[in-house]
Structures are given as C-alpha cells and as structure tokens.
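Here is a brief report on the pockets of one protein model and on a helix that helps to line them. Keep the sequence and the structure in view as you read.

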Amino acid sequence: MPDKYNSWRSDLSKTEIINDKQFIEYTKNGYATTFTVTVVEPYKRWEFDMDNSNMKGHWIGIFTDKGNETQIDFTENVIPKKWFMKPFVKTYLKKQQKQFVLDLKKALE
C-alpha cells in the first residue's frame with residue numbers, strides 16, 4: 001500500500017505503516033502527521049483521527065457510487081495546537097484537499 005499510495009500523492013515523501021489502524025504520512029520536507037483509523041466501510045466510508053505538532057482533528061471521507069463516477073465528500077474537524085495557526089488552518093486544509101483530489105484524478109486517468 002505505501003508504495004502505490006506514495007506514487008500518486010505528489011505532496012508526500014513516504015508513508016510509514018505502524019499497524020492495521022495507524023500510519024504516518026511524511027511531507028516532501030519530512031513533516032509527519034499520524035493517522036489513526038476509526039471507521040472503515042470498504043468503498044463507502046473511511047474515518048481517521050489526525051495529529052501532528054500543529055493540529056489535531058478528525059477526517060471523514062464518504063464515497064458514493066454514481067455509475068461511472070464516484071462522488072466524494074470529505075469533512076475535517078481540526079483544532080490548531082498553536083493559537084497563531086488558527087487563521088491559516090481553513091486555507092491550508094482546502095489546499096491539501098484540492099491537491100489530494102487532483103493527484104487522485106491524475107492517477108485514475
């Protein structure tokens with residue numbers, strides 16, 4: 001999984017699998033975020049808790065079959081750990097989600 005996942009994620013240098021419920025993503029400059037999987041419904045729903053030195057939160061991904069297409073709905077509830085990060089969190093998360101979707105579309109072409 002890590003090799004294939006990293007091959008289409010343009011923002012990651014590597015993914016480290018800790019166990020069947022936890023993994024760590026590393027950005028290109030080595031910044032680590034730990035993810036703990038909390039819900040898995042294959043091909044429908046994936047949820048996990050996120051934690052790094054700047055924020056903690058919960059992510060929900062819902063995938064709905066629409067014939068030849070898949071509708072995605074990503075929801076993030078994030079709390080910055082540093083007060084001065086609060087104004088930047090929303091913009092940062094939007095940028096990350098946009099890049100994720102662009103990378104995924106490119107991989108599926």
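## The model

This is a predicted model, in which local features need pLDDT of at least 70, side-chain atom pairs count only at pLDDT 80 or more, and totals for chains, interfaces and linings use all residues. Numbering starts from 1 along each chain as its sequence is written, and side-chain values use heavy atoms, without hydrogens and water.

## Helix α2

Helix α2 spans residues 86-108, 23 residues in all. Its first and last C-alpha lie 34 Å apart, close to the 33 Å expected at 1.5 Å a residue. Helices here are DSSP runs of H or I with at least four residues, and strands are E runs of at least two.

V89, L93, Q97, F100 and D103 are the buried residues of α2 (under 20% relative accessible area, 1.4 Å probe, protein chains only).

## The largest pocket

The largest pocket holds about 1200 Å³ of space. Y5, W8, W46, W59 and F100 are the closest to its centre among 43 lining residues. Helix α2 supplies the largest share of this lining, nine residues. By class, the lining of the largest pocket has 25 nonpolar, eight polar and ten charged residues.

## The second largest pocket

About 180 Å³ of space lies in the second largest pocket. Its lining includes Y31, N52, N54 and M55. Helix α2 gives the most here too, with four residues. The lining of the second largest pocket has eight nonpolar, two polar and no charged residues.

Conventions: Expected span 1.5 Å × (residues − 1). Buried < 20%, exposed > 50% of the residue type's maximum accessible area, 1.4 Å probe, protein only. 1 Å grid on protein atoms, 1.4 Å probe; cavity = no way out; pocket = protein on both sides within 12 Å on 5 of 7 lines; lining within 4 Å. Points joined across faces, edges and corners; volume = space filled by probe spheres on them. Nonpolar A, V, L, I, M, F, W, Y, C, P; charged D, E, K, R; others polar.
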